[in-house]
Amino acid sequence: MSKNIPEIKCRPWTYDQFIVDEVFEKWVYNDLTLNEDDIVLDIWANIWAFACYAAPKVKKVVAFEPERENFKQLVINTEGMKVTCNNWAIWGGDEKHRKSW
């Protein structure tokens, strides 16, 4: 990996490497403006590729990942970063119109 891409532990037989490539090789978030005082919510954080992209640029990242195995990888990959990891989903709406993000 290049010096601009952090060391990322990807699991075999998963989409982990695809996600990392989208963020750090295709630079899909390149047009996103992040400021040093921002607190970023990474909802459905997966293994943390976006959280890692944002963390050096902002005050803090709060990451949410409900799937247990992805969450474990998120914790491993964000160790020592300005990232708070949460093993739950974000829900919104009333009982009839419940949504998750």
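Two salt bridges are counted in the structure, a salt bridge being defined as a side-chain nitrogen of Lys or Arg within 4 Å of a carboxyl oxygen of Asp or Glu. The model is a predicted one, in which local features need pLDDT of at least 70 and side-chain atom pairs count only at pLDDT 80 or more, while totals for chains, interfaces and linings use all residues. Residues are numbered from 1 along each chain as its sequence is written, and side-chain values use heavy atoms, with hydrogens and water left out.

One of the salt bridges joins the side chains of Arg11 and Asp16, with an N to O distance of 2.8 Å. Both Arg11 and Asp16 are buried, where buried denotes under 20% relative accessible area, exposed over 50%, and partly exposed the range in between (1.4 Å probe, protein chains only). Glu69 and Lys72 form a salt bridge in which the closest N and O atoms lie 3.2 Å apart. These residues, Glu69 and Lys72, are three positions apart in helix 3 and are therefore separated by about one helical turn. Helices (H or I, at least four residues) and strands (E, at least two) are taken as DSSP runs and numbered from the N terminus. In contrast to the buried pair Arg11 and Asp16, Glu69 is partly exposed at a relative accessible area of 39%, and Lys72 is partly exposed at 44%. Side chains of opposite charge can pair when their charged atoms come close.

Three strands form an open sheet in the order 1-2-3, with parallel pairing; two strands are considered paired if DSSP finds at least two bridges between them. Strand 1 and strand 3 stand at the edges with a single partner strand each, so one side of each lacks a neighbour in the sheet. Neighbouring strands of this sheet are turned against each other by 15° on average, direction ignored; the axes are lines fitted to C-alpha atoms, for helices over the stretch in contact, and angles run from 0 to 180 degrees between N-to-C directions.

Strand 1 (residues 39-43) pairs with strand 2 in the parallel sense over five bridges, and Val62 in strand 2 is the bridge partner of Leu41. Strand 2 (residues 60-64) is mostly covered, four of its five residues being buried. Parallel pairing over four bridges links strand 2 to strand 3 (residues 83-86), with Ala63 opposite Cys85 in strand 3. The chain passes from strand 2 through helix 3 (residues 68-77) to strand 3 in a right-handed β-α-β crossover. Strand 1, helix 2 (residues 49-54) and strand 2 also make a right-handed β-α-β unit. A crossover is called right-handed if, with the strands pointing away from the viewer, the path from the first strand over the helix to the second runs clockwise.

Within strand 2, Ala63 is buried, with a relative accessible area of 0%. Leaving aside neighbours within four places in sequence, Ala63 is in contact (heavy atoms within 4.5 Å) with Asp42, Ala45, Leu74, Val83, Thr84, Cys85 and Asn86. The C-alpha atoms of Ala63 and Leu41, which are 22 residues apart along the chain, are separated by 5.9 Å.

In helix 3, Asn70, Phe71, Gln73, Leu74 and Asn77 are buried. Seen down the axis of helix 3, these buried residues fall within an arc of 165°, so they line one face of the helix; the arc is that of the directions from the helix axis to the C-beta atoms. The buried residues of helix 3 pack against helix 1 (16-24), strand 2 and strand 3.

Most residues other than glycine have a negative phi. Trp13 lies in the segment before helix 1 and is exposed, with a relative accessible area of 90%. Trp44 lies in the loop between strand 1 and helix 2 and is partly exposed, with a relative accessible area of 43%.
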